[in-house]
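This report describes the architecture of one protein chain, from its overall layout to selected residues. The sequence and the structure are shown first.

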Amino acid sequence: MFKFLKGVVGGSGAGVKDLPYNIGDPYPSAWGSWSHFQGTSKDDGSPVSIFSISGTNAQDGHLAAARNGVKRLRTVRHPNILAFLHSTEVENIDATSTKITIYIVTEPVMPLSEKIKELGLEGSQRDEYYAWGLNQIAKAVSFLNNDCKLVHGNVCLSSVVVTQTLDWKLHAFDVLSEFDGNNEAANGPMLQYAWLVGAQYKPVELAKSDWTAVRKSPPWSIDSWGLGCLIYELFSGMRLSKTEELRNTASIPKSLLPDYQRLLSSMPSRRLNSSKLIENSVGDFWMTEYFQNKLVDTIHFMEILNLKDSVEKDTFFRKLPNLAEQLPRQIVLKKLLPLLASALEFGSAAAPALTALLKMGSWLSTEEFSVKVLPTIVKLFASNDRAIRVALLQHIDQYGQSFSAQVVDEQVYPHVATGFADTSAFLREMTLKSMLVLAP
């Protein structure tokens, strides 16, 4: 049986030497009994996150739950759920005991609590970022509850991690279970590993292990409560230590308070479905007042750019340079800038987007500009869109000095030179002027 379980988890070796990743520094916190490390791939050095948990008894409940977490994370895929890369289970035997360690390797992330400290956002910028993050976690929870009929069981600050582009991802799937609502007569545990959940995070029916009540409740009732716990921990700046603290609403934004209270209804059937936090039953994108802010609207527009018509895009990109000034700078550079660069490269963004790209790029160091912006600009020189070509030449003094001679010779000049014979007099003039920057 144990060998079979090791096979399920994907174990492939007898030691960490067989893990194709290097384990680096640990983060100060992780969910449950797990440890969370920075890591890199032995193949190409790309960053990853490595989670590990150990035990000395093959039948240890923590290890059994961890195997459940590995299996679930491997099979459940969603943009707002942590992306699984690899897992293995290792036995270390010494003279006195056997130590079993389970490793999960994922995309590189850091604990939300640590990222919040690092960003140091305050006031409206903090609220805008929290609104965006909560929106993402609500989508992940809604996917689990409504689409998959699964219960996460422990949505809280510790079960959320943040990617390099500052997106929030849900993880910690050890308690994750199928919602067994068709079997109301059963009184056995529906969440086999619910004992892992801290008492402070449990709604009444879960705290009492009243499985009949849990089965009679909607599939989202436990995780909606968890979203309420997450909101409390976010805005209070403190970990929840006892359930009663959830009644202290002084730190919750007034526009979010009605939803917060509905998530934490004492009656499971009346708790707010997470899907209602983000969309109505028709599927139109609308949100409670708290979620209507510049950052959420801007990122959302960028993510569904392909659905927008040319007039909407043009208006949006003309406003974007000024709008970017008002948004949290780190989120603009780590989230919006990559979205914008990608949209320009793949042709879904209009020429005015280039002005916004260069504006954001001006906030980067020279090294970062060369990595994050310059490759996109080089690719755009091959564009057949005359408006893009004109925009590139109009702004060439802002970036032209960053080109290496080789890039100019091989990738830029051959495309620019076609402008000398263009039918547009303005494009011919701009091509000639660009030589002042490119010729040296």
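## Overall architecture

The chain contains 19 helices and ten strands; helices (H or I, at least four residues) and strands (E, at least two) are DSSP runs, numbered from the N terminus. This is a predicted model, in which local features need pLDDT of at least 70 and side-chain atom pairs count only at pLDDT 80 or more, while totals for chains, interfaces and linings use all residues. Residues are numbered from 1 along each chain as its sequence is written, and side-chain values use heavy atoms, with hydrogens and water left out.

Along its principal axes, the C-alpha trace of the chain spans about 80 × 55 × 35 Å. Of the 440 residues, 52% count as buried, where buried means under 20% relative accessible area, exposed over 50%, and partly exposed in between (1.4 Å probe, protein chains only). The accessible surface of the chain comes to about 20100 Å², and 51% of this surface belongs to carbon and sulfur atoms; accessible areas come from the Shrake-Rupley method with a 1.4 Å probe, and for residues only the protein chains shown count as cover. Contact means heavy atoms within 4.5 Å. Among the contacts in the chain with a separation of 6 or more, 66% are between residues 24 or more positions apart.

## Domains

The chain is divided into domain 1 (16-108), domain 2 (110-280) and domain 3 (294-438), with bounds that come from an automatic or database domain assignment. The centres of domain 1 and domain 3, taken over C-alpha atoms, are separated by 41 Å.

## The five-stranded sheet

Five strands form an open sheet with the order β1-β2-β3-β5-β4 and antiparallel pairing. Its edge strands are β1 (21-26) and β4 (84-93), each of which pairs on one side only. On average, neighbouring strands of this sheet are turned by 30° against each other, direction ignored. Two strands pair if DSSP finds at least two bridges between them. Axes are lines fitted to C-alpha atoms, for helices over the stretch in contact, and angles run from 0 to 180 degrees between N-to-C directions.

Strand β2 (residues 35-41) pairs with β3 in the antiparallel sense over six bridges, and phenylalanine 37 has isoleucine 50 in β3 as its bridge partner. The two strands β2 and β3 form a hairpin with five residues between them, and glycine 45 in the turn has a positive phi of about 75°. On to β5, strand β3 is joined by seven antiparallel bridges; here isoleucine 53 has isoleucine 102 as its bridge partner in β5. Nine bridges join β4 to the antiparallel strand β5 (residues 98-106), and valine 90 stands opposite threonine 101 in β5.

Helix α2 (residues 61-75) lies across β3 (47-55), β4 and β5, and runs at about 25° to β5. Strand β3 is mostly covered, with seven of its nine residues buried.

The loop between β3 and α2 contains aspartate 60. A polar atom of the aspartate 60 side chain lies 2.7 Å from the backbone nitrogen of histidine 62. Asparagine 80 is placed in the loop between α2 and β4 and counts as buried, at 7% relative accessibility. Not counting residues up to four places away in sequence, asparagine 80 touches Gln136, Lys139, Ala140, Trp168, Lys169 and Leu170.

## Two helical residues compared

Asparagine 145 is found in helix α4 (residues 123-147) and is buried, with a relative accessible area of 0%. Its side chain makes a polar contact of 2.9 Å with the side chain of aspartate 223; a polar contact is a pair of N or O atoms within 3.5 Å, and within protein one must be able to donate a hydrogen and the other to accept it, while residues adjacent in sequence count only if both atoms are side-chain atoms. Leaving aside neighbours within four places in sequence, the contacts of asparagine 145 are Leu150, Val151, Pro219, Trp220, Asp223 and Ser274.

Lysine 359 lies in helix α13 (residues 353-361) and is partly exposed, with a relative accessible area of 24%. Apart from residues up to four places away in sequence, lysine 359 touches Pro321 and Glu325. Lysine 359 and alanine 324 are 35 residues apart in sequence and 8.6 Å apart in space, C-alpha to C-alpha.
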